[in-house]
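Hi everyone, thanks for making time for this. I'd like to walk you through a structure, going from one chain meeting another down to a single residue. Let me put it up on the screen.

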Amino acid sequence: MAKEKGYRELPPGGLILEAGNAAEYITGGWRTYRPQVDKGLCTNCLQCWLLCPDCCIHVDDGTMTGYDYDHCKGCGICARICPVKAITMILETDPRGGADERGQFNSKKKA
Amino acid sequence: MGRVVALTGNEAAAEAMRQIDPDVVAAYPITPQTELMHKFADFVADGLVKTEVILVESEHSAMSACVGACAAGARVMTATSANGLALMWEIVYIAASLRLPIVMTVVNRALSGPINIHCDHSDTMGCRDSGWIQLYGENPQEAYDNLIQALKIAEHPDILLPVMPTYDGFIISHTLERLEVLGDDEVKRFVGEFKPAHPLLDLSRPVTYGPLDLQDYYFEHKKAQAEAMKRAKGVVRAVGEEYGRLTGRSYGFFDAYRTEDAEQIILCLGSSAGTAKEVVDELREKGRRVGVLKLRMFRPFPAEELAGAIGHASAIAVLDRAEGFNGVSGPVGLEVRSALYGRSAALVGNYIYGLGGRDLRPELIVQVFDDLAGGRAPLLEAAHLGVRE
Ligand code: SF4
Ligand code: SF4
């Protein structure tokens with residue numbers, strides 16, 4: 001995350017002067033449970049992609065490929081909806097959860 | 001240049017609004033503000049202003065509409081009293097924290113209950129910490145003058161804070177007095193054109209108003225708001241001086257009357273200052289060294305300047321037209337005491353008076369000066385002036 005600004009540097013009234021900046025706000029740290037997909041079971045039905053309230057399911061050419069852990073808040077809707085139970089929710093502190101695809105346990109914004 | 005007219009406080013405020021011709025006015029009627037909006041609605045119906053009037057179903061909606069219109073980029077005004085202001089509360093804070101330069105006349109009236117339509121300052125004192133600049137007027141002339149200056153203060157690019165010019169319900173709002181009004185073009189020139197910094201309707205520069213603001217930035221935004229309030233002092237002074245050059249009536253943070261050599265000083269707000277000045281003149285005839293300081297600007301609080309103006313007195317009485325329900329002091333009393341702390345050795349007594357429109361008779365003011373002179377000022381706990389035991 002960018003260095004936090006001091007009060008003198010901010011626009012008045014808490015206004016945000018740039019459009020479409022929600023992606024810069026890393027909300028993945030709020031997560032308690034992280035979703036993990038077993039691609040051996042997944043049928044690429046994309047119901048998880050449809051239902052995720054935070055648009056955190058990565059899809060590449062019709063294939064469900066993983067998660068945006070910077071913004072996934074761990075709500076578990078994807079795991080609940082998955083018709084073949086390919087998604088499990090694992091406690092963030094559980095070593096079996098392992099690191100995410102960038103080798104970080106708790107996701108951080110790319111530098 | 002000035003035109004001499006006879007108007008009530010409400011008519012004077014409506015006249016100022018006609019001359020300003022704001023883009024949007026959203027309001028809901030409440031006594032004693034109602035007559036102001038009646039009069040302004042006449043101007044709208046007669047085509048004398050281009051203002052879009054939004055008639056809403058409550059004061060909460062009135063202030064919400066003001067917030068929306070001001071964020072959109074409009075010059076916005078409204079008016080209310082007492083319970084109407086109380087119903088706005090939530091949005092009153094939001095207007096200030098979004099830094100929207102809305103001007104809202106508050107015609108001071110006692111808050112319910114028991115229900116009462118007459119003057120005290122419980123309404124505006126209740127929202128003294130809401131982040132609005134507050135200017136208290138003494139008479140219809142000041143109701144007119146403060147409203148015009150309020151707009152220029154609010155919209156100053158270094159400030160961008162809403163302003164609440166007030167005057168006493170019925171005592172001023174419904175009293176016909178002689179005053180001087182400016183020409184329409186003089187007012188328009190003085191207030192200038194409103195150039196909103198970040199209008200929502202400017203689609204080429206998209207902006208978000210009111211996003212979620214958590215532990216990481218809320219504190220910084222509050223600090224910036226507090227700093228803007230501090231800067232407002234300089235702008236209130238500069239605008240008051242500029243207004244003085246135009247009209248011959250300069251305005252500052254307060255109006256000190258015969259205080260320079262005074263040993264006892266009464267400090268009060270609004271119409272009571274007029275009565276207090278009369279009493280001061282009478283007592284001065286008898287050789288008493290007394291004076292009165294009328295506080296015009298309560299927010300921001302001019303602590304240092306106030307201490308400079310009254311700190312030399314041996315005893316000061318602060319008259320509060322609102323009960324603080326803290327068992328100690330009214331709201332103005334508390335702030336004057338802390339302003340003098342470390343700056344002056346004057347003893348500060350505090351009186352609660354005039355609740356629900358109870359008259360402040362000259363005899364009561366004489367009694368206060370006698371208390372101050374006789375070492376009987378209520379120093380540790382406010383006394384209630386003119387209440388039956
Ligand atoms: S856990 Fe919730 S937020 Fe995270 S990917 Fe699944 S549906 Fe989206
Ligand atoms: S809902 Fe389950 S099966 Fe369907 S794409 Fe998502 S993970 Fe794969």
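Let's start where the two chains meet: 18 residues of chain B and 16 residues of chain A make up the contact. Please keep in mind throughout that this is a predicted model.

How much area do chain B and chain A bury between them? The value is about 1500 Å², and 67% of it is on carbon and sulfur atoms. On the polar side, three residue pairs are in polar contact across the interface of chain B and chain A, with both residues at pLDDT 80 or more. If you were hoping for salt bridges between chain B and chain A, the count is zero.

Now look at the side of chain B that touches chain A. Helix α8 of chain B, residues 218-247, gives the most to that side, with five residues. Sorted by class, the side of chain B that touches chain A comes out as nine nonpolar, four polar and five charged residues.

Let's move over to chain A itself. Chain A has two helices and four strands, and along the sequence they run β-α-β-β-α-β. Of the 111 residues in chain A, 35% are buried. There is also a point about sequence distance here: if you take the contacts in chain A between residues at least 6 apart in sequence, 65% of them join residues at least 24 apart.

Next, the ligand. Which residues are closest to ligand 1? They are C52(A), C72(A), C75(A), G76(A) and C78(A), out of 15 residues that surround ligand 1. By class, the shell around ligand 1 holds 11 nonpolar residues, two polar and two charged.

I'd like to finish on one residue in chain B, D21(B). You'll find D21(B) in the loop between α1 (9-20) and β2 (24-27) of chain B. Is D21(B) buried or exposed? D21(B) counts as buried because its relative accessible area is 16%, and the cut-off for buried is under 20%.

So what does D21(B) touch? Setting aside neighbours within four places in sequence, D21(B) is in contact with V49(B), K50(B), T51(B) and K188(B).

How values were computed: Residues are numbered from 1 along each chain as its sequence is written. Chains are lettered from A and ligands numbered from 1 in the order in which they are written. This is a predicted model: local features need pLDDT of at least 70, side-chain atom pairs count only at pLDDT 80 or more; totals for chains, interfaces and linings use all residues. Side-chain values use heavy atoms; hydrogens and water are left out. Contact means heavy atoms within 4.5 Å. Buried area is the accessible area (1.4 Å probe) that two parts lose on being put together, summed over both. A salt bridge is a side-chain nitrogen of Lys or Arg within 4 Å of a carboxyl oxygen of Asp or Glu. A polar contact is a pair of N or O atoms within 3.5 Å; within protein, one must be able to donate a hydrogen and the other to accept it, and residues adjacent in sequence count only if both atoms are side-chain atoms. Ala, Val, Leu, Ile, Met, Phe, Trp, Tyr, Cys and Pro count as nonpolar, Asp, Glu, Lys and Arg as charged, and the others, Gly among them, as polar. A residue is near a molecule or strand if one of its heavy atoms lies within 4 Å of it. Buried means under 20% relative accessible area, exposed over 50%, partly exposed in between (1.4 Å probe, protein chains only).
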